Amino acid sequence: MKNMTKQANKQEVIKIKEKLLELYPESTTELNYTNMYELIIAVMLSAQCTDKRVNIITPALFKKYPDIESLANANIDDIKSLINTCSFFNNKAINLHKMANQVIDEFEGNIPLNQKDLIKLAGVGQKTANVVLLEYTNANVMAVDTHVFRVAHRLGLSKAKTAIKTEEDLTKKFKTDLHKLHQAMVLFGRYHCKALNPQCENCSLKKYCKNNGRFKV
Ligand code: SF4
């Protein structure tokens, strides 16, 4: 990779932001959900797993356990069998069950809508909490998954080595519209600026790319 440590200047950051918002003006998650309960579960399952796979798994899970109470009372082995095509399903089943019980015991059955309380829940780290908040409440927060991390680095928006530091860089540089920019960067990374075969020939952000559109792996 060439010039990947070069960083976008202020003017470039503004242009990249404008272009991402223009390309993906109203994007939302590709996870299927109808309420906060379903969203947090889908986001928890999506760690190290594709949204497509999660969307195949969740209908049966939500049918059998439609709310936080039923999930809290579920048999963990049964949860495992319902999600066993998902990566790390053993741990995820344990965390889903624990999370549901915490919500009942510590939050009167209501899933909290703030980062401080969300990250107290089993299996919910800062990224999961922020994805839930930006998707459900349009909170002005960034979350960095593998796609956002890759795009941020290729565009010179961060040279941080961790997702949390990259999140800090993006938050500082973009400042506003973070929920939209998160979704935009996920979609741009997932379908266009892909890990192995990015479509550099017809990339709207090519002139800002620190690899000058000549990405090779
Ligand atoms: S030019 Fe290629 S590597 Fe650079 S941002 Fe566009 S798709 Fe990604």
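Buried means under 20% relative accessible area. Keep that cut-off at hand for this predicted model.

**Exercise 1. Decide whether C200 and C203 are buried or exposed.**

Step 1. Find the residues. C200 is in the segment after helix 11 (178-191). C203 is placed in the segment after helix 11 too.

Step 2. Apply the cut-off. C200 has a relative accessible area of 13%, so C200 is buried. For C203 the value is 19%, so C203 is buried.

Step 3. Look at the neighbours of C203. Leave out residues up to four places away in sequence; C203 then touches F188 and H192.

**Exercise 2. Explain why C193, C200, C203 and C209 gather at one spot.**

Step 1. Start from the record. An unreviewed UniProt entry annotates C193, C200, C203 and C209 as "binding site".

**Exercise 3. Describe how helix 9 packs against helix 10.**

Step 1. Helix 9 covers residues 146-154, and helix 10 covers residues 163-174. Their axes are 10 Å apart, at an angle of about 55°.

Step 2. Name the arrangement. That angle makes helix 9 oblique to helix 10. The crossing is left-handed.

Step 3. List the contacts. From helix 9 come V148, F149, A152 and H153; they meet A163, T166 and L170 in helix 10.

Step 4. Sort them by class. The contact has five nonpolar, two polar and no charged residues.

How values were computed. Residues numbered from 1 in each chain as written. Predicted model: local features only at pLDDT ≥ 70, side-chain atom pairs only at ≥ 80, totals over all residues. Heavy atoms only, no water. UniProt positions renumbered as here; feature names shortened; annotations may be inferred. Helix = DSSP H or I, 4+ residues; strand = E, 2+ residues; numbered from the N terminus. Buried < 20%, exposed > 50% of the residue type's maximum accessible area, 1.4 Å probe, protein only. Contact = heavy atoms within 4.5 Å. Axes fitted to C-alpha atoms, helices over the stretch in contact; angles between N-to-C directions. Parallel < 35°, antiparallel > 145°, perpendicular 65-115°, else oblique. Left-handed = near helix turned anticlockwise from the far one by under 90°. Nonpolar A, V, L, I, M, F, W, Y, C, P; charged D, E, K, R; others polar.
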